[in-house]
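I opened this one to get some practice at reading helices and sheets. Here are my notes, in the order I looked things up.

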Amino acid sequence: MSIKRIKIVPILLLLPSLLFLGIFVYIPLFQNFYNSFFNFSVFSQTKEFVGLTHFKELFDDKVVVIALINNIKYAVISVVCQVFFALVLAAILEDRLLRKFAPALRVIYFMPVMISISVIALLFSFIYNPQMGLLNSFLELVGLEQFAKPWLGNAGTAIYAVIAMSQWQSIGFITMLFIVAIQKIPHELYEAAEIDGAGKIRKFFSITIPQVKETMFVNVLITVTGSILVFNEPYILTNGGPGVSSMALAVHMYQLGFLKDNMGYASAVATLIFLLSAIFAIVQIRVSGTGKDD
Amino acid sequence: MKKWFVLLFSVAMLSLVLVACGNKEDDKESSSKSKDGEDVVEINFFHRWPNEPRKSFYDEKVKEFEAAHPNVKINVDSVLNDSYKEKIRVLVSNDALPDVFTSWSDSFAENLVSSGRIMDLNNIIAEDKEWSGNVLESQYGGFTFDGVTYGVPFTVDGKAFFYNKQIFEENNVAIPQTYDEFIKALDTLQKAGYETPLVEGLTNTWAISHYLGTIFQRVVDPTVLEKDYVATTGEFTDAGYVKGLEMWKQLTSYMGDVSTAIDHEAARNMFIAGEVPVLYMQFAEVKMVLDGAKFDFGFFNFPEVAGGKGDQKALTGAPEGWMLSKNASPEAVEFLKFLTSAETAQEFTKTDGQLNAIKGGITAENSNPTSLEAYDIILNASATAPWFDNAVDISVADVFMRGGQDIATGVKTPEEVLEDVQQAAKKLH
């Protein structure tokens with residue numbers, strides 16, 4: 001009797017969430033994989049089986065290569081800026097010297113996270129505006145007008161302008177996660193280090209970093225998978241342009257599906273995105289060995 | 001007991017989930033029942049003008065129609081140009097298609113029609129001659145496929161170079177008749193201190209397609225165009241395309257760095273402010289320029305290209321109109337007729353200024369000499385060329401438009417862009 005109870009009840013309790021996950025995550029995932037073997041359009045629902053053609057096409061598609069490189073740029077810059085700088089920022093905010101202002105500063109850094117991405121993109125399109133933008137005006141003000149350029153209209157700078165906006169928005173969120181982790185570090189460790197004569201920088205490297213290692217891996221995971229899935233920022237700011245210079249995989253997928261009406265190929269790109277984020281997640285979980293310390 | 005409680009609890013949770021999932025269906029049914037009870041018919045109306053003055057105009061028209069038909073409730077939704085193209089494509093793929101919505105002509109309309117969810121208007125047009133006879137017959141073409149008309153044209157348009165008469169006179173520049181004269185004029189203006197004598201908002205890819213469409217129409221042999229514009233036979237191997245893209249490259253060299261970072265509206269504001277002497281604009285924009293500009297302006301068609309194989313006097317421009325969903329109610333049909341009536345058209349001309357396809361919609365009273373001149377050009381054009389992004393398959397158009405940006409930023413050469421186009425075209429065969 002007792003064995004039976006243990007087995008059935010948890011399963012029953014899990015069922016609602018499993019049902020949700022199944023309907024909204026796993027079934028669409030498999031359907032997407034299935035769709036990528038067909039040629040079909042949103043206008044007519046007849047599907048034509050084409051086998052692996054779409055996956056072969058992926059290798060010939062120059063836009064996919066550009067988008068992939070952009071996504072990697074996005075990931076690298078995000079990890080450096082968000083994870084590393086956010087950790088430094090969190091350590092500074094948790095320092096005794098800033099005790100008084102820390103709550104206010106935390107709110108200030110977290111504010112961008114709460115603003116809708118469309119609003120932020122609109123705001124930044126004004127900042128980057130070549131005619132009356134804040135950024136170019138600022139550069140002129142400090143005598144650096146030779147660096148002023150149409151940031152979003154230049155094939156070389158567009159993707160970096162998009163990435164920069166994303167850093168501004170997301171750093172507060174990662175900082176918040178680090179602050180929580182730092183607050184959980186036992187005070188005894190710092191006190192012992194102080195008695196041993198350790199300075200602030202030494203304490204940061206020898207206590208804070210090892211103690212927040214778990215959080216750091218989680219944050220790297222969040223930023224890297226986020227960078228591979230990124231859609232809103234490039235879509236709203238540049239729509240992948242000029243040309244395809246700031247194209248991201250998700251934007252390319254969306255345009256293939258809903259603009260060029262090539263649903264099957266778009267599904268293949270979606271499969272690629274899924275595989276990439278899954279591989280990155282698995283590698284990171286393996287490398288970091290999350291959960292083993294406990 | 002405890003076990004039973006847990007079992008009951010989880011069953012309750014599950015049923016909650018299922019109820020939540022099924023809720024939508026129930027809602028629909030109950031609301032449609034109450035519709036029958038109170039006899040309220042809902043019309044979903046979707047257009048692409050969340051900007052003024054047209055937003056207020058259509059809000060007003062919706063109110064008027066609702067006042068005249070107390071049993072009708074109209075839900076209005078609107079998004080801007082490029083977003084509209086994407087959203088309507090998503091909507092047409094399922095039954096959420098709005099009852100009355102706007103559409104461009106030609107391939108854009110043809111794509112929507114291929115979904116099988118658009119209403120055949122032949123009977124409606126034949127039954128009510130009094131209303132349908134009011135629409136210019138020549139404008140139905142872009143909405144008629146295999147003898148079936150699926151849309152009612154409303155606005156008509158044409159694209160021409162708007163020029164600042166004052167600046168042209170000051171610098172002794174005459175209206176260019178040929179493309180070479182046009183380039184000379186731009187050079188003169190540049191020397192006179194106008195850093196960017198010509199400008200365009202190249203973030204709006206449709207603006208690029210308007211240029212390319214006209215250029216190709218002028219340069220490339222019409223029989224080649226006809227073949228290439230069909231998705232299944234398009235090859236884009238004619239030498240004329242390279243020449244056309246070279247012309248585009250030359251034109252963008254006058255637009256400056258800024259052009260790839262601004263949109264058409266910004267470009268128009270530069271023209272209105274007198275910073276830019278020439279801009280390629282639609283007649284739909286006449287009123288906006290009239291309202292803002294403190295100078296006289298005129299327009300000239302895209303100049304003749306020496307050695308071009310197309311009709312050198314043709315005008316680029318196509319009508320836009322209204323379509324109905326297959327499931328639209330008779331009230332929605334009424335609403336469509338209301339939107340395209342002579343009264344609506346006259347008021348529309350007064351508030352918006354864009355020219356329309358309704359007979360008697362444009363008169364000397366409700367319009368202005370500039371618009372009338374434009375209307376005359378449209379009615380008397382030797383031939384009309386559709387908007388390029390509507391004329392060719394969107395996969396090909398997109399490569400052309402993004403390639404146009406790449407040529408402007410100097411990332412790609414015309415030959416490289418054309419190669420990409422040929423690849424994209426081949427995939428459609």
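Before I start on spans: a helix, as I use the word here, is a DSSP run of H or I with at least four residues, and a strand is a run of E with at least two. I also remind myself that this is a predicted model.

**Entry 1: the annotated spans of chain A**

I checked what UniProt has for chain A. An unreviewed entry puts "domain: ABC transmembrane type-1" on residues 68-284 of chain A. In the model, that span is 74% helix and 0% strand, and its end C-alpha atoms sit 19 Å apart.

The record also marks "transmembrane region" on several stretches of chain A, among them 158-182 and 263-283. I looked at these two. Residues 158-182 of chain A come out as 100% helix and 0% strand, with 36 Å between the end C-alpha atoms. Residues 263-283 of chain A are also 100% helix and 0% strand, and here the end C-alpha atoms are 30 Å apart.

**Entry 2: helix α13 of chain A and two partners**

Next I followed α13 (residues 263-288) of chain A. The axis of α12 (residues 249-259) of chain A comes within 8 Å of the α13(A) axis, and the two cross at roughly 165 degrees. That makes α12(A) and α13(A) roughly antiparallel, because angles over 145 degrees count that way. The crossing is left-handed. On the α12(A) side the contact includes A:Leu249, A:Met253 and A:Leu256, and on the α13(A) side it includes A:Tyr265, A:Val269 and A:Ile273. I sorted the contact residues by class and got 11 nonpolar, 2 polar and no charged.

Among the residues in contact are A:Phe217, A:Leu221 and A:Ile228 of α10(A), with A:Ile273, A:Leu276 and A:Phe280 of α13(A). The class count here is 10 nonpolar, 4 polar and no charged.

**Entry 3: where the chains touch**

How many residues does each chain bring to the contact? I found 31 from chain B and 29 from chain A. On the chain B side, α1 (2-38), α3 (81-92) and α18 (394-409) each give two or more residues. That side of chain B splits into 13 nonpolar, 10 polar and 8 charged.

**Entry 4: the five-stranded sheet of chain B**

Chain B has an open sheet of 5 strands in the order β2-β1-β3-β11-β6, with mixed pairing. The edges are β2 (72-78) and β6 (151-155), which each pair on one side only. From one strand to the next, the twist averages 30 degrees. Inside the sheet, β3 (residues 100-104) and β11 (residues 320-324) of chain B run antiparallel and are joined by 5 bridges. B:Thr102 has B:Trp322 as its bridge partner in β11(B). Helix α4 (residues 106-113) of chain B packs on this sheet and touches β3, β6 and β11, with its direction at about 135 degrees to that of β3(B).

**Entry 5: the three-stranded sheet of chain B**

I finished with an open sheet of 3 strands, β8-β7-β9 of chain B, whose pairing is antiparallel.

Definitions and conventions:
Residues are numbered from 1 along each chain as its sequence is written. Chains are lettered from A and ligands numbered from 1 in the order in which they are written. This is a predicted model: local features need pLDDT of at least 70, side-chain atom pairs count only at pLDDT 80 or more; totals for chains, interfaces and linings use all residues. Axes are lines fitted to C-alpha atoms, for helices over the stretch in contact, and angles run from 0 to 180 degrees between N-to-C directions. Angles under 35 degrees count as roughly parallel, over 145 as roughly antiparallel, 65 to 115 as roughly perpendicular and the rest as oblique. A crossing is left-handed if the near helix is turned anticlockwise from the far one by less than a right angle, and right-handed if clockwise. Two residues are in contact if their C-beta atoms, placed from the backbone, lie within 7 Å. Ala, Val, Leu, Ile, Met, Phe, Trp, Tyr, Cys and Pro count as nonpolar, Asp, Glu, Lys and Arg as charged, and the others, Gly among them, as polar. Two strands pair if DSSP finds at least two bridges between them. UniProt positions are given in the numbering used here, feature names are shortened, and annotations may be inferred rather than shown by experiment.
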